[in-house]
Amino acid sequence: MVDRHSSAVRTPLLAQRRSRSSRQSYRSYVGTASHLGYTPGFTKRRLTTSRLAPRGRTADEVSPAQLALLAREWQLSYVTPLYRFRHGQLKTYARQLAAFVQSEKQQQGGGPVEAGAGMESTLKVSFTLVAGMAQTEADADTVFIQPHKALWSGWLACVGGDPDYMRSLPEDFVCLPLFCRGGAAWLSPLVEAWFCRTFDCCFGPLEINAVSLQWLAALWTNCRAQAGVQPLKLVWSLPVEPPLEVTYAVHPQDAWELWRSVRRPLRERVDEEEEEDEDGSVGIEEVEGFIKGLQSHFYRHFRLELSAGQLTQVSTALGSAKHGGRLKISNGSYMVTTLTLLTECALLKMPV
């Protein structure tokens with residue numbers, strides 16, 4: 001049953017930076033001006049309405065560097081284009097960032113951080129490339145940042161970014177719009193401050209709005225071979241007093257059957273008995289149909305209209321995502337699919 005805080009059901013089968021005149025934001029490039037905040041209507045108009053269905057990668061295609069991005073929760077931010085960032089200067093950047101953090105900590109109160117706080121007396125930082133993430137020639141290589149002995153790490157990525165936008169940037173700019181960080185909270189603002197000062201960029205929070213969460217729910221369900229090992233879990237927040245949070249757990253087979261029933265009428269099928277469809281593309285109509293199917297079933301059982309609320313969280317065996325910008329990637333095989341969507345979200349969130 002549904003209580004005030006949550007419910008879980010087993011579903012039956014269902015049929016400001018320094019001004020430079022040469023700079024552009026992504027939203028000015030696509031020809032729209034709006035406030036910085038996401039709105040569902042804006043995002044539905046601007047997010048890609050059709051994207052390739054996820055294709056899994058083999059274990060050999062997931063490099064050891066990519067494994068470092070898995071199995072931990074990251075806080076997301078967007079980053080404006082980096083001025084005169086060079087991938088060939090990563091060792092220099094590592095030394096500069098280490099010196100900057102040490103200097104800032106001394107100015108703030110008394111010298112290097114104690115080892116008990118997750119830092120050795122002399123800070124060392126590494127910048128490393130994460131190969132194999134770029135999906136187009138315009139994508140810049142992902143950069144992973146790891147202070148040695150510090151309980152913090154972060155990375156900058158551009159996975160499947162809009163090639164036309166990337167090519168429209170002046171030559172001195174590198175676009176790595178997605179920033180993921182995790183660990184000691186005190187270190188994040190220092191790292192961001194160094195980037196802003198060194199590359200004349202700015203950072204901002206990146207929420208994952210309801211439309212993007214719906215996309216993730218559908219795309220992850222489409223990856224049946226990996227996503228089918230644990231329930232699809234969705235959390236809605238309903239605007240009532242007192243606030244009501246509904247947790248909706250869907251058996252993986254039921255989620256797959258619903259997804260297949262939504263997909264089949266819109267696609268030609270050569271083999272009507274095929275077990276898994278990862279060919280072609282996924283459209284927004286299919287995503288919306290999938291979510292509406294879940295909501296309709298829930299309403300029949302509990303007389304609660306989930307569409308009146310807001311989807312705030314999605315999780316499967318492939319990972320989890322929360323409205324507040326928290327992301328966990330649990331499986332490297334379909335990581336590119338997730339990061340392509342989030343790269344697009346980061347580009348859209350940049351200020352005009």
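**Group meeting: contacts, cysteines and rings**

I start with Ser212, which touches Leu47, Leu341 and Cys345, leaving aside residues up to four places away in sequence; contact means heavy atoms within 4.5 Å. This is a predicted model, where local features need pLDDT of at least 70, side-chain atom pairs count only at pLDDT 80 or more, and totals for chains, interfaces and linings use all residues. Residues are numbered from 1 along each chain as its sequence is written, and side-chain values use heavy atoms, without hydrogens and water.

Ser212 counts as buried because its relative accessibility is 0% (buried is under 20% relative accessible area, exposed over 50%, partly exposed in between, with a 1.4 Å probe and protein chains only).

Next, the cysteines. The count of disulfides is 0, a disulfide being a pair of cysteine sulfur atoms within 2.5 Å. Cys175 is in none, and the nearest cysteine sulfur, that of Cys158, is 5.0 Å away. Cys175 is buried, at 4% relative accessible area.

Now the aromatic rings. The structure holds 18 aromatic pairs. Rings of Phe, Tyr and Trp (its six-membered ring) pair if their centres lie within 6.5 Å; planes under 30 degrees apart are stacked, over 60 edge-to-face, and the rest tilted. Trp194 and Phe195 are edge-to-face because their planes are at 85°, with ring centres 5.0 Å apart. Phe195 also pairs edge-to-face with Phe203, with centres 6.2 Å apart and planes at 75°. Phe195 is buried, with a relative accessible area of 1%, and Phe203 is buried at 16%. One aromatic cluster includes Trp194, Phe195 and Phe203, along with Phe85, Tyr93, Phe127, Phe179 and Phe199.
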